Amino acid sequence: MTVRTIDVRERIMAKNDEIAARVRARLAAAGVPAFNLVSSPGSGKTLLLERTLAELGSEMRIAIVTGDVQTQNDADRLARHTDQLVQAVVTNGACHLDARQIDTALDAVDLAATDLLFIENVGNLVCPAGWDLGETAKIALFSVTEGEDKPEKYPKMFRMAHWVVFTKLDLLPHVPFSLSRAVDIARAINPTLDFLMTSALDPVGMDEWLGFCRAHARRGVPV
Amino acid sequence: MHEMSVALEVCRMAEERLGQDASRLVAVGVSVGDDAGIEPENLAFCLEALLEEPPFEGAEPRILREPGDGLHLSYLEIIDDDSSND
């Protein structure tokens, strides 16, 4: 018996990226922008989406795919604010969503009746950076209760993101967090980042974000 | 942190290529870039566990470090039954 070597040299992410390309094509064909919300746990992704649904639900059709390691608590929270579909993906221990899960989840979403799709990824600043889901762009949430140096600690996520949404700005007077320093650190990692400031508990704290959603939603049939 | 997901994908790729020959796999070479966000020892541990299970029969994971952020299934080593080549 002899040992034979088979040269492969294939990217391990190749299959995921192939499915992500298919997801991207499905979304493009339907004209639906899709944003992948990524952050550490507890940064406020679900609350931001709850407020977004409450404020914009009457003017545009927003579908959401949520990923959680266990439970569909986030999906249940969001479903209370909309008649549109909130699709829960329980990853059963996996620390990120992958393109296959999004491809499957989209089977249950009526894309022709969707103006904007949000994917709420698993709270984790490491793994979701490496998995293309076929989204239009990644949006990293960054709460002011975290350290300003988060982008230095998790550079890949901040390199992959197009926007950073600062959350919990209402807590700024109570925490030692310099917004300008955080912006500088993030820009040093990724000079093309754009920033949005939010405070989901402040009546006017959502204006900038809601404007962003309105600007990016598909111009579909009015609800 | 997602080493197990990567290990599962490596095994899927190996099985896809080898089919019924998967049981003859003796080693799997995986190239891991220094900036790939993968902990090599953890990946080797996950692969070792998975390669013990059918259709594999205890193949050895070999982690190859390289510069950059690449992550590749580099090679598969299988035992050839020489009698079938006669």
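Biologist: How many bridges join strand 2 of chain A to strand 6 of chain A, and do they run parallel or antiparallel?
Modeller: Four bridges, and the two strands run parallel. Strand 6 covers residues 137–143. Keep in mind that this is a predicted model.

Biologist: Which residue is the bridge partner of Leu37(A) in strand 6 of chain A?
Modeller: That's Ile139(A).

Biologist: And how does strand 2 of chain A pair with strand 5 of chain A?
Modeller: In the parallel sense, over four bridges. Strand 5 of chain A is residues 116–120. Within that strand, Ile119(A) stands opposite Asn36(A).

Biologist: Which residues sit on which side of strand 2 of chain A?
Modeller: Ala34(A), Asn36(A) and Val38(A) are on one side, while Phe35(A) and Leu37(A) are on the other. They are all buried, which leaves both faces covered. In a regular strand, side chains alternate between the two faces of the sheet.

Biologist: Now the core. Which residues touch the most other members of the largest nonpolar core?
Modeller: Ile102(A), Phe118(A), Ile119(A) and Ala140(A), out of 57 residues in that core. Setting aside neighbours within four places in sequence, Ile102(A) is in contact with Val23(A), Val65(A), Leu97(A), Ile119(A), Leu133(A) and Gly134(A). There's also a second, separate core of 24 residues, with Ala7(B), Ile38(B), Cys46(B) and Leu76(B) among them.

Biologist: Switching to the interface: how many residues of chain A are in contact with chain B?
Modeller: 21 residues of chain A, against 22 residues of chain B. Strand 1 of chain A (residues 2–11) gives the largest share of chain A's side, ten residues. By type, chain A's side divides into ten nonpolar, four polar and seven charged residues.

Biologist: What does strand 1 of chain A do with strand 3 of chain B?
Modeller: Eight bridges join them, and they run antiparallel. Strand 3 of chain B is residues 71–80. One of the pairings is Arg4(A) with Ile78(B) as its bridge partner.

Biologist: Last one: what does the model score for ipTM and pTM?
Modeller: ipTM is 0.90 and pTM is 0.85. For chain B, mean pLDDT is 91, with 93% of its residues at 70 or more. Where pLDDT is low, the predicted coordinates should not be read in detail.

Technical notes:
Residues are numbered from 1 along each chain as its sequence is written. Chains are lettered from A and ligands numbered from 1 in the order in which they are written. This is a predicted model: local features need pLDDT of at least 70, side-chain atom pairs count only at pLDDT 80 or more; totals for chains, interfaces and linings use all residues. Two residues are in contact if their C-beta atoms, placed from the backbone, lie within 7 Å. Ala, Val, Leu, Ile, Met, Phe, Trp, Tyr, Cys and Pro count as nonpolar, Asp, Glu, Lys and Arg as charged, and the others, Gly among them, as polar. Two strands pair if DSSP finds at least two bridges between them. pLDDT is the predictor's confidence in each residue, from 0 to 100. A residue is buried if 20 or more other C-beta atoms lie within 10 Å of its own, exposed if 12 or fewer, and partly exposed in between; C-beta atoms are placed from the backbone. A nonpolar core is a set of buried Ala, Val, Leu, Ile, Met, Phe, Trp, Tyr and Cys residues joined through C-beta atoms within 7 Å.
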